[in-house]
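Look over the sequence and the structure below before reading on. The text starts with one term and then moves through the chain.

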Amino acid sequence: MRRDNRNNRDHRLLIVWLAVSVILSVLTVWARTEERRRENLWETSIPDAGFAVPTLGMSSPEGSEGDSGAVEKICCLTFDDGPSRNTQDILQILRDKKVHATFFVTAQPANEPYLPLLADIEAQGHQIAMHSASHNYSKIYRSTTDFWLDIKELRQQISPYVSVEKIHWLRFPGGSTNTISHRYGGRSIMQELKQDAEEKDYRWIDWNVCGEDATAGHPNAARILKNIQEDAKDQPLCVVLLHDTKATGQTVKALPDIIDWFAAQGYRFCTVEEMAE
Ligand SMILES: [Zn+2]
């Protein structure tokens with residue numbers, strides 16, 4: 001009788017232990033998935049502050065009024081993380097459509113063979129701007145010093161191909177209000193970097209329309225166009241985030257339709273620098 005009781009108790013303990021183990025593993029897997037999902041969001045969502053250009057005092061651009069008094073609609077296409085094997089195709093489309101865009105460039109190992117294309121980008125009248133040499137969040141956001149060393153490295157790497165002294169614009173990897181940087185450089189790092197940027201005579205810009213073309217789901221061209229149409233709705237000034245990497249072939253496929261759609265809505269295209277002027 002006593003032995004039966006003990007057996008029963010052991011049995012119950014085993015079941016409780018198993019249940020706790022299962023719950024713990026489920027929670028761990030959920031936490032990891034959630035973390036990955038958030039990292040994705042950090043990179044691709046629209047920054048909280050829209051696309052403020054503080055150095056210009058434009059916290060919420062409204063679109064400018066042309067001679068006719070009508071609000072002029074402006075579209076700045078921006079390509080991050082290039083150059084890549086897709087750059088030439090992007091340039092060809094922009095040339096065919098007579099559109100100028102802005103390229104926020106990086107100098108990661110994958111970019112290196114394509115860095116000479118920066119000369120073509122500049123020669124075609126597009127704007128080249130800073131993004132990051134390594135694009136490695138844990139490295140660039142460790143401290144403000146690390147961030148500016150990375151930008152210095154980028155300037156050095158691209159200097160054989162473009163006139164770096166003319167580059168005064170940058171885009172913070174992950175956007176100016178990203179929170180992944182807090183993990184490495186503390187909660188105030190983005191604020192400090194924005195102050196530094198002003199002192200260093202850099203203007204920075206985020207985006208308010210996102211193609212979500214570099215997400216893990218690898219959306220097709222039709223989905224990228226749809227993402228853009230949904231974000232751009234009713235906005236007189238659109239700064240469109242797209243990517244120029246080896247993985248974003250669908251962006252190239254979508255680009256002619258993206259340009260045609262904005263043109264049909266009455267938008268005029270220009271670079272970020274031209275827009276700010
Ligand atoms: Zn990027």
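A residue is called buried when its relative accessible area is under 20%, and exposed when that area is over 50%; between these values, a residue is partly exposed. The structure shown here is a predicted model. H135 has a relative accessibility of 15%, and therefore H135 counts as buried.

The term can also be applied to the whole chain. Of its 277 residues, 44% count as buried. The secondary structure consists of 10 helices and 8 strands. Contacts in the chain can be sorted by distance along the sequence: among those between residues at least 6 apart, 79% join residues at least 24 apart.

H135 is also part of a metal site. The zinc ion has as its protein donors D81 through OD, H131 through NE2 and H135 through NE2, at 2.1 to 2.2 Å from the ion. Along the chain, these donors follow the spacing D-x49-H-x3-H. H131 is buried, as is H135.

The backbone at H135 deserves a look as well. H135 sits in the loop between β3 (127-132) and α4 (137-140). Its phi is positive, about 55 degrees, although H135 is not a glycine. A positive phi, near 50 degrees, is also found at E212, again a residue other than glycine. E212 belongs to the loop between β6 (209-210) and α8 (221-232). Is E212 buried, partly exposed or exposed? The relative accessible area of E212 is 35%, so E212 is partly exposed.

Another backbone feature involves a proline. G82 and P83 are joined by a cis peptide bond, with omega at about 0 degrees. P83 lies in the loop that runs between β1 (73-80) and α2.

For helix α2 (residues 87-97) and helix α9 (residues 249-264), the angle is about 20 degrees and the axes are 10 Å apart. Angles under 35 degrees count as roughly parallel, and α2 and α9 are therefore roughly parallel to each other. The crossing of α2 past α9 is right-handed. Which residues make the contact? From α2 they are D89, I90, I93, L94 and K97, and from α9 they are V252, L255, P256, I259 and D260. Sorted by class, the contact of α2 with α9 has 7 nonpolar and 3 charged residues, and no polar ones.

Technical notes. Residues are numbered from 1 along each chain as its sequence is written. This is a predicted model: local features need pLDDT of at least 70, side-chain atom pairs count only at pLDDT 80 or more; totals for chains, interfaces and linings use all residues. Side-chain values use heavy atoms; hydrogens and water are left out. Axes are lines fitted to C-alpha atoms, for helices over the stretch in contact, and angles run from 0 to 180 degrees between N-to-C directions. Helices (H or I, at least four residues) and strands (E, at least two) are DSSP runs, numbered from the N terminus. Angles under 35 degrees count as roughly parallel, over 145 as roughly antiparallel, 65 to 115 as roughly perpendicular and the rest as oblique. A crossing is left-handed if the near helix is turned anticlockwise from the far one by less than a right angle, and right-handed if clockwise. Contact means heavy atoms within 4.5 Å. Ala, Val, Leu, Ile, Met, Phe, Trp, Tyr, Cys and Pro count as nonpolar, Asp, Glu, Lys and Arg as charged, and the others, Gly among them, as polar. Donors are N, O and S atoms within 2.8 Å of the metal (3.2 Å for Na, K and Ca); water is not among the atoms, so sites may look incomplete. Buried means under 20% relative accessible area, exposed over 50%, partly exposed in between (1.4 Å probe, protein chains only).
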